[in-house]
Amino acid sequence: MNEQEAEAALQEIHGLRRRCSDERQLAALDDLTAMLEQCAATPGSYLWFAGD
């Protein structure tokens, strides 16, 4: 995902936080938020996810 897509994904974080049911999920979402923010703030950057 490029910086524009990361910025769009950040808009969905608040809705996802309401759906988290435990601390592990919230911690994972916090980590994702940090990576998305870094990608969105760095022109020309990409965030790649490994796996399914």
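Is arginine 17 buried, exposed or partly exposed, and what is its relative accessible area? I looked it up: arginine 17 is partly exposed, at 33% (buried is under 20% relative accessible area, exposed over 50%, partly exposed in between, with a 1.4 Å probe and protein chains only).

Ground rules first. I'm working on a predicted model, where local features need pLDDT of at least 70, side-chain atom pairs count only at pLDDT 80 or more, and totals for chains, interfaces and linings use all residues. Residues are numbered from 1 along each chain as its sequence is written, and side-chain values use heavy atoms, with hydrogens and water left out.

Next, the salt bridge (a side-chain nitrogen of Lys or Arg within 4 Å of a carboxyl oxygen of Asp or Glu). I find one in the structure. Aspartate 30 pairs with arginine 17, and their closest N and O atoms are 2.7 Å apart. Aspartate 30 sits in helix H3 and arginine 17 in helix H2, so the pair ties together parts 13 residues apart in sequence. Aspartate 30 is also partly exposed, with a relative accessible area of 40%.

H3 covers residues 23-40. I list Leu26, Leu29, Thr33, Leu36 and Cys39 as its buried residues. Down the axis of H3 they fall within an arc of 140 degrees, so they line one face (the arc takes directions from the helix axis to the C-beta atoms). On the other side, Glu23, Arg24, Asp31 and Gln38 are exposed.

Terms used. Helices (H or I, at least four residues) and strands (E, at least two) are DSSP runs, numbered from the N terminus. The expected span of a helix is 1.5 Å times one less than its number of residues.
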